[in-house]
Amino acid sequence: MKETTNRGILRALCLLLAACMLLPLVACGETAETPDVTTGDGSGVATEEATEFFPNVEKQDYKGETFRMIGIRDAGTWVYGEDPSAANVNVLNDTLYEMNTTVEDHLGISIEYEYVQHITGQSVIFERVQPSVMAGDDAYQLCILPSYRNVASFVTQDCVMDLYDLNDYIDLDQPYWNREVIESLMIGDHAYIATGDICYYTVHPIYCNKDLLKEVGREIPYDKVRNGSWTLDEYLALTAELYTDNGDGTVNNLDTFGFAALCDTNFNSFMQASDIYVITRHDDGSFEFSMYGEKLLNLYEKLFNWTKTDSTRIWGWGDRENESVIVDFLDGRTYFTQDELGTKYLTATFDVGILPLPKYDAAQASYAHVNWGDNIAVPRTVKNTKLVGETLELLSYYSKTVVRPKFYDDVLELRVSNAPDDREMVELIFNTIVFDPGIAYCDGNTQLFALVYLPKECLLQGQENIASYYQKNERAASGYLTRKIYGKK
């Protein structure tokens with residue numbers, strides 16, 4: 001972490017603050033944390049059972065060696081915090097800075113971060129890192145990648161390390177790593193891409209207007225979520241027959257709707273929430289297109305019929321700022337919406353509730369929320385694998401035990417004391433993160449990209465039948481997957 005000499009005192013103070021911040025979690029080399037435990041009903045709700053644990057990373061002195069990360073998110077967003085004297089406005093910044101300085105002090109390293117401006121449709125991180133990898137330079141130790149941009153290029157052009165080569169220093173069985181997702185993305189026996197609490201997750205849950213629901217006597221189904229009976233049919237029924245005309249006799253965006261939202265990646269997320277994956281990796285390492293079948297057809301039929309009712313209003317990405325089309329949830333004329341989990345609705349003048357995406361049916365084992373946020377990869381040219389592994393392990397651990405609770409409490413403003421139900425729902429959402437190899441590797445193939453976006457594309461086009469859309473894209477996508485992705489095994 002770059003510092004000028006006149007900031008030495010500030011750094012010392014921050015280290016002291018970091019120690020104070022982490023004191024409740026770390027004692028005698030151990031920590032108390034709440035593991036992710038499924039209740040047995042498929043809800044994925046974490047229990048309060050605690051265990052003492054601290055990563056098996058001994059104090060080191062790497063003589064100030066640099067650990068450089070590169071990503072597209074501003075400092076203060078998730079894994080890196082700027083010196084507080086920079087007056088960073090992000091709520092998480094100081095916590096992240098304290099985490100970074102704690103890790104730096106434990107390992108005797110210097111953490112640096114390179115921000116790259118994201119450009120839609122471009123692989124900006126790959127374009128920055130690839131030349132140094134090809135030259136054999138150890139310029140970057142961690143690449144923080146968007147959900148699919150950059151991923152396929154890094155893998156197919158042999159730029160990233162097999163994370164199993166770090167097995168002596170990272171423990172993928174710990175709850176701050178998502179081993180299930182890591183294994184689902186493996187190519188052959190190689191794990192090139194990882195995810196876990198070190199990653200900034202982007203998910204699209206359901207928001208509801210508690211005040212409007214109370215007026216019509218409809219209950220927010222927290223208990224159904226808890227007992228595993230929160231299903232797609234329950235959700236669609238809850239949003240039905242709530243349309244109210246504003247008095248002009250015309251259906252427009254000034255009316256009141258049961259559900260209104262942008263139709264984009266959020267609608268695609270209904271597939272994985274229903275345990276439907278574009279691509280599935282089998283135990284033998286092979287990939288299979290697994291999305292098309294009776295279940296997808298039924299899911300799409302339900303969504304299609306839902307979007308054709310008066311109570312539901314959707315619009316596409318191109319109309320996202322069209323004031324004559326959109327219905328702003330903050331205007332208080334929408335019972336339910338679906339949006340990225342974040343701070344967008346904290347200014348609402350009504351009570352807002354948060355719900356997970358529903359299961360396809362009650363028989364489904366668990367809720368599932370596909371991540372449209374970050375993954376991580378380690379360039380294959382890193383020289384000090386021990387330093388890299390130990391740094392990743394500590395950053396991942398503190399991301400779960402320190403950063404994520406701060407995110408719940410102070411970013412989302414979901415403190416247990418004032419929003420216990422919604423806090424529980426958000427924890428459930430983050431405890432049921434999944435990913436889809438189809439999303440991870442779709443960058444670079446138009447047809448695979450089209451299949452990932454099948455629900456939103458067909459719904460916006462008003463297609464009642466998805467068979468022709470799927471068949472048009474599946475063959476070329478399958479060939480790409482076999483040649484370019486699975487071929488790297």
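Tutor: Let's start with a term: a salt bridge is a side-chain nitrogen of Lys or Arg within 4 Å of a carboxyl oxygen of Asp or Glu. Keep in mind that this model is predicted.

Student: Which residue forms a salt bridge with Glu183?

Tutor: Look along helix H5, about one helical turn from Glu183, at a residue 4 places away. The closest N and O atoms are 3.0 Å apart, and the partner is Arg179.

Student: How many residues apart in sequence are the parts that Arg380 and Asp158 tie together?

Tutor: The closest N and O atoms of Arg380 and Asp158 are 3.9 Å apart, and the pair forms a salt bridge because the cut-off is 4 Å. Arg380 sits in the loop between strand E15 (374–377) and helix H11 (385–411), while Asp158 sits in the loop between helix H4 (151–156) and helix H5 (179–184), so the parts they tie together are separated in sequence by 222 residues.

Student: Are Arg380 and Asp158 buried, partly exposed or exposed?

Tutor: Buried would need a relative accessible area under 20%, and exposed would need one over 50%. Arg380 comes out at 36% and Asp158 at 40%. Each value lies between the two cut-offs, so Arg380 and Asp158 both count as partly exposed.

Student: Which residues are linked with Asp223 in a network of salt bridges?

Tutor: In general, side chains of opposite charge can pair when their charged atoms come close. In this model, the count of salt bridges comes to 25. The residues linked with Asp223 in a network are Arg226, Asp421 and Glu424.

Student: Let's move to the loops. Which residues does Asp351 contact, leaving aside its neighbours within four places in sequence?

Tutor: Asp351 is in the loop between strand E12 (334–338) and strand E13 (352–355), and it is partly exposed at 49% relative accessible area. Its C-alpha atom is 8.4 Å from that of Cys208, although 143 residues separate the two in sequence. With those neighbours set aside, Asp351 is in contact with Cys208, Asn209, Lys210 and Asp211.

Student: What separation do the C-alpha atoms of Ile119 and Ile72 have?

Tutor: Ile119 is found in the loop between strand E5 (109–115) and helix H3 (124–134). Its relative accessibility of 38% makes Ile119 partly exposed. Ile72 is 47 residues away from Ile119 along the chain, and the C-alpha separation is 9.4 Å.

Student: One last topic, helix H10. What arc do its buried residues cover around the axis?

Tutor: The buried residues of H10 are Leu296, Leu299, Tyr300, Leu303, Phe304, Trp306 and Thr307. They lie on the same side of H10, because around the axis they cover an arc of only 160°.

Conventions
Residues numbered from 1 in each chain as written. Predicted model: local features only at pLDDT ≥ 70, side-chain atom pairs only at ≥ 80, totals over all residues. Heavy atoms only, no water. Helix = DSSP H or I, 4+ residues; strand = E, 2+ residues; numbered from the N terminus. Buried < 20%, exposed > 50% of the residue type's maximum accessible area, 1.4 Å probe, protein only. Contact = heavy atoms within 4.5 Å. Arc of directions from axis to C-beta.
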